Structures are given as structure tokens and as C-alpha cells.
Amino acid sequence: MKQEQIDRINELYHKSKAEGLTEAEKQEQMLLRKQFIADVRNNLAAQLDNIDLVNADGTVENLGEKRAENGGNGDSRRYS
């Protein structure tokens, strides 16, 4: 997400507390927040894909491969 979009999220938040938002601004805020959350989840999934776990028996398991086995849809909640 671009810094301008993050700045806009913050700007809309402060405006909502100070004077309220129009319906169009509420929609924009909702869309920006959803994009931000999606970007955070994708970044987390990418980081987890590069982690190797060493099991108690000494075997090494890559989280990226484990995610692919579980459907690999980018949903970080599948790491379990």
C-alpha cells in the first residue's frame, strides 16, 4: 500500500472524530481499510513462507510448503 493511501486512512479517521464523514468518505475509508488489511495479510503470508520449522524429531518443515498443501490461498490462518 502506498504511503499516500495510509495518509488518507489517517486523514479520514481524524476527520471522522472531528466532524464526521460523508457517505462517500465512509465508503472510501472502508475500501482503504480493507485493502490495508489484505496487504498486511499478504505480507505476513510471504514472510511465513520463508520460515523453516525444526520439529522435535529433527525434521525440517517449510511453512510455505505447508501452506501450499493446505490450499495456499494466502490466508495466514491456515498455519496450524
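**Helix packing and residue burial in a predicted model**

Student: Is Gln29 buried or exposed?

Tutor: Buried means a relative accessible area under 20%. Gln29 has 9%. That value falls under the cut-off, so Gln29 is buried.

Student: Which residues does Gln29 contact, leaving aside neighbours within four places in sequence?

Tutor: Contact needs heavy atoms within 4.5 Å. Set aside the neighbours within four places of Gln29. The contacts are then Leu12, Tyr13, Ser16 and Leu21.

Student: Which residues of H2 make the contact with H1?

Tutor: On the H1 side, the contact is made by Gln5, Ile6, Arg8, Ile9, Leu12, Tyr13, Lys15 and Ser16. On the H2 side, it is made by Glu25, Glu28, Gln29, Leu32, Arg33 and Phe36.

Student: How many charged residues does the contact of H1 with H2 have?

Tutor: Sort the contact of H1 with H2 by class. There are 6 nonpolar and 3 polar residues. The charged residues number 5.

Student: What is the relative accessible area of Glu25?

Tutor: Glu25 lies in helix H2. Glu25 is also one of the residues that make the contact with H1. Glu25 is buried, with a relative accessible area of 14%.

Student: How far apart in space are Glu25 and Leu12, C-alpha to C-alpha?

Tutor: Leaving aside neighbours within four places in sequence, Glu25 is in contact with Arg8, Leu12, Lys15 and Gly20. Glu25 and Leu12 are 13 residues apart in sequence. C-alpha to C-alpha, the distance is 7.3 Å.

Student: What pattern does the chain follow along the sequence?

Tutor: The chain has 3 helices and 2 strands. Read along the sequence, the pattern is α-α-β-β-α.

Student: Is Glu61 buried, partly exposed or exposed?

Tutor: Glu61 has its place in strand S2, residues 60–62. Buried is under 20% and exposed is over 50%. The relative accessible area of Glu61 is 27%, so Glu61 is partly exposed.

Student: What separates the C-alpha atoms of Glu61 and Ile51?

Tutor: Contacts of Glu61 beyond four places in sequence include Ile51, Asp52 and Lys66. Glu61 and Ile51 are 10 residues apart along the chain. Their C-alpha atoms are separated by 8.5 Å.

Student: What separates the C-alpha atoms of Gln35 and Met1?

Tutor: Gln35 lies in helix H2. Gln35 is partly exposed, at 37% relative accessible area. Gln35 and Met1 are 34 residues apart along the chain. Their C-alpha atoms are separated by 7.7 Å.

Student: How many percent of the residues of the chain count as buried?

Tutor: The chain exposes about 6,000 Å², and carbon and sulfur atoms supply 49% of that area. The chain has 80 residues. The share that counts as buried is 22%.

Conventions:
Residues numbered from 1 in each chain as written. Predicted model: local features only at pLDDT ≥ 70, side-chain atom pairs only at ≥ 80, totals over all residues. Heavy atoms only, no water. Helix = DSSP H or I, 4+ residues; strand = E, 2+ residues; numbered from the N terminus. Nonpolar A, V, L, I, M, F, W, Y, C, P; charged D, E, K, R; others polar. Buried < 20%, exposed > 50% of the residue type's maximum accessible area, 1.4 Å probe, protein only. Areas by Shrake-Rupley, 256 points an atom, 1.4 Å probe, with all protein chains shown as cover.
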